[in-house]
Each structure stands twice: as C-alpha cells, then as structure tokens.
Amino acid sequence: MPAKRVEVNDQQLALISRALADAKRFHILQKIADATTAPTCSCVRNWTGLAPATVSHHLKELDAAGLIRMERTGKFAHLTFRRDVWSAYLRRLSAL
C-alpha cells in the first residue's frame with residue numbers, strides 16, 4: 001500500500017510560515033533536520049544557549065506547525081523532523 005501523501009491546508013501553511021519567520025526557530029529546525037539521531041530538548045539548549053522556557057516555546061511552535069514530532073520517553077522528548085510535511089509545504093509554495 002503506497003504511503004499517504006501529506007497535504008498542507010491554508011491554516012497549516014500560515015502556521016509553518018509563521019514558525020519559519022523566526023531566525024532562531026529556523027536554526028533549531030535545521031539542526032533537528034540534520035541530526036542523525038532524534039535529539040532531545042537538552043540538545044537544542046546546547047545548540048542555541050537559550051533558556052529552557054524559550055526552547056520549549058520554540059519547540060511548541062514547530063510542533064503546532066507540524067514540522068516536528070515530539071515523542072516522549074520518560075522525562076525526555078525526542079524530536080524528529082517531519083520531512084513529509086516539509087515536502088508538502090514546499091509543494092504548496094511552488095504552486096504560487
């Protein structure tokens with residue numbers, strides 16, 4: 001059975017665009033996308049030097065936009081870049 005093709009609706013398009021408009025958030029997304037294993041929130045803090053509350057805010061924005069998946073294992077949240085959503089977002093942009 002072929003994988004379901006993800007589509008980005010107008011609301012998610014706006015959420016993603018807003019999330020990417022912040023330079024720090026875009027940097028965090030790039031680092032998550034480049035990671036070879038699912039990083040944790042602590043990794044993001046180490047990459048950015050931001051306060052835990054600020055990291056949490058940025059990750060919530062990326063999660064709400066659908067750009068990352070946060071999977072909890074005990075007290076840790078492992079972060080995964082959603083390439084399917086990213087590809088759908090780029091398709092929407094290229095259709096403009």
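Predicted model: local features only at pLDDT ≥ 70, side-chain atom pairs only at ≥ 80, totals over all residues.
## Overall fold

The protein contains five helices and two strands. Along the sequence these elements follow the pattern α-α-α-α-β-β-α. The radius of gyration is 14 Å, close to the 12 Å that the globule rule gives for 96 residues, so the protein is as compact as a globular protein of that length. Taken along the principal axes, the C-alpha atoms fill a box of roughly 35 × 35 × 20 Å.

Of the 96 residues, 31% count as buried. The protein exposes about 6,200 Å², and carbon and sulfur atoms supply 54% of that area. Among contacts between residues at least 6 apart in sequence, 58% join residues at least 24 apart.

## Helix α1

The buried residues of α1 are Q12, L13, I16, A19 and L20. They cover an arc of only 130° around the axis, which puts them on the same side of α1. The face turned away from this buried side carries the exposed residues D10 and Q11. Cover for the buried residues of α1 comes from elements including α2 (23–34), α4 (52–64) and α5.

## Q12, a buried polar side chain

Q12 belongs to helix α1. Its relative accessible area is 18%, and because the cut-off for buried is under 20%, Q12 counts as buried. A polar atom of the Q12 side chain lies 2.9 Å from the backbone oxygen of A65.

Leaving aside residues up to four places away in sequence, Q12 touches E7, A65, G66 and V85.

## Helix α4

At 1.5 Å a residue, the 13 residues of α4 should span 18 Å, and the end C-alpha atoms are 18 Å apart, which agrees. Buried in this helix are V55, H58, L59, E61 and L62. Seen down the axis of α4, these buried residues fall within an arc of 155°, so they line one face of the helix. On the other side of α4, the residues P52, A53, K60 and A64 are exposed.

The buried residues of α4 pack against α1, α2, α3 (41–48), β1 (68–73) and β2.

## Helix α5

Helix α5 covers residues 83–94; at 1.5 Å a residue, its twelve residues should span 16 Å, and its end C-alpha atoms are 16 Å apart, which agrees.

At 34% relative accessibility, L93 counts as partly exposed. The C-alpha atom of L93 is 28 Å from that of V44, and the two residues are 49 apart along the chain.

K24 is placed in helix α2. With a relative accessible area of 48%, K24 is partly exposed. Not counting residues up to four places away in sequence, K24 touches L50 and H58; of these, H58 is among the buried residues of α4. K24 and V55 are 31 residues apart in sequence, and their C-alpha atoms are 9.6 Å apart in space. V55 is also buried in α4.

F76 is found in strand β2, which runs over residues 76–81. At 41% relative accessibility, F76 counts as partly exposed. Apart from residues up to four places away in sequence, F76 touches T40 and E71. F76 and T40 lie 36 residues apart along the chain, and 6.5 Å separates their C-alpha atoms.

Methods
Residues numbered from 1 in each chain as written. Heavy atoms only, no water. Helix = DSSP H or I, 4+ residues; strand = E, 2+ residues; numbered from the N terminus. Expected span 1.5 Å × (residues − 1). Rg over C-alpha atoms; globule rule 2.2 N^0.38 Å. Buried < 20%, exposed > 50% of the residue type's maximum accessible area, 1.4 Å probe, protein only. Contact = heavy atoms within 4.5 Å. Areas by Shrake-Rupley, 256 points an atom, 1.4 Å probe, with all protein chains shown as cover. Polar contact = N/O pair within 3.5 Å; in protein donor to acceptor, adjacent residues only side chain to side chain. Arc of directions from axis to C-beta.
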